[in-house]
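This report describes a predicted model, taking its overall fold, its nonpolar core and its aromatic pairing in turn. The sequence and structure are shown next.

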Amino acid sequence: MTATAALRGALATFMHIAWTAAIGGALWASRGPSGDLGNALLSWRTWGIFLLSVGLHTLWNAGFAGSWLSIIAWIPLIHYLRLGIAQCVAFAETHEGTTA
């Protein structure tokens, strides 16, 4: 029991960050070129990541706090991080030589 409480205490901050960031990343990626948040809220991508986050949090609260849960939670984050970097690179390439 003490080991489980210690593990949950050590990982809680990182897991909550992962779930929140995954949902934020899904909203950002789903908004499309127009930047419309309404479309993002209705997208399957956002709802899928939201349900994954809720499911992982449910497992976390049920006591299944293992390293596999952490890995699953961080997979969407790595994906959205790569999307964000690609967007920054594309923006920099299209605006090369211009000043802000």
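## Basis and overall fold

Helices (H or I, at least four residues) and strands (E, at least two) are taken as DSSP runs and numbered from the N terminus. On that definition the protein has 4 helices and 0 strands, and its elements follow the order α-α-α-α from the N terminus on.

The model is predicted, so that local features need pLDDT of at least 70 and side-chain atom pairs count only at pLDDT 80 or more, whereas totals for chains, interfaces and linings use all residues. Residues are numbered from 1 along each chain as its sequence is written, and side-chain values use heavy atoms, with hydrogens and water left out.

## Surface and contacts

By the Shrake-Rupley method with a 1.4 Å probe, where for residues only the protein chains shown count as cover, the accessible surface of the protein is about 6800 Å², and 72% of this belongs to carbon and sulfur atoms. Of the 100 residues, 23% count as buried, a class that means under 20% relative accessible area, with exposed meaning over 50% and partly exposed lying in between (1.4 Å probe, protein chains only).

A contact means heavy atoms within 4.5 Å. Among contacts between residues at least 6 apart in sequence, 66% join residues at least 24 apart.

## The largest nonpolar core

A nonpolar core is a set of buried Ala, Val, Leu, Ile, Met, Phe, Trp, Tyr and Cys residues joined through side-chain atoms within 4.5 Å. The largest one here has 12 residues in all, among them Met-15, Trp-19, Ile-49, Trp-60, Leu-77 and Tyr-80. Helix H1 (2-30), H3 and helix H4 (67-94) each supply at least two residues of this core, and the largest share, 5 residues, comes from H1.

Leaving aside neighbours within four places in sequence, Leu-77 is in contact with Ala-18, Ala-21 and Ala-22. Ser-53, which is placed in helix H3, is buried with a relative accessible area of 6%, and, not counting residues up to four places away in sequence, Ser-53 touches Trp-19, Ala-22 and Ile-23.

## The aromatic pair

Rings of Phe, Tyr and Trp (its six-membered ring) pair if their centres lie within 6.5 Å, and planes under 30 degrees apart count as stacked, over 60 as edge-to-face and the rest as tilted. The structure holds 1 aromatic pair: the ring centres of Trp-47 and Phe-50 are 5.6 Å apart and their planes stand at 80°, so the pair is edge-to-face.

Both residues lie in helix H3 (residues 44-61), 3 residues apart, about one turn of the helix. Trp-47 is partly exposed at a relative accessible area of 41%, and Phe-50 is also partly exposed, at 34%.
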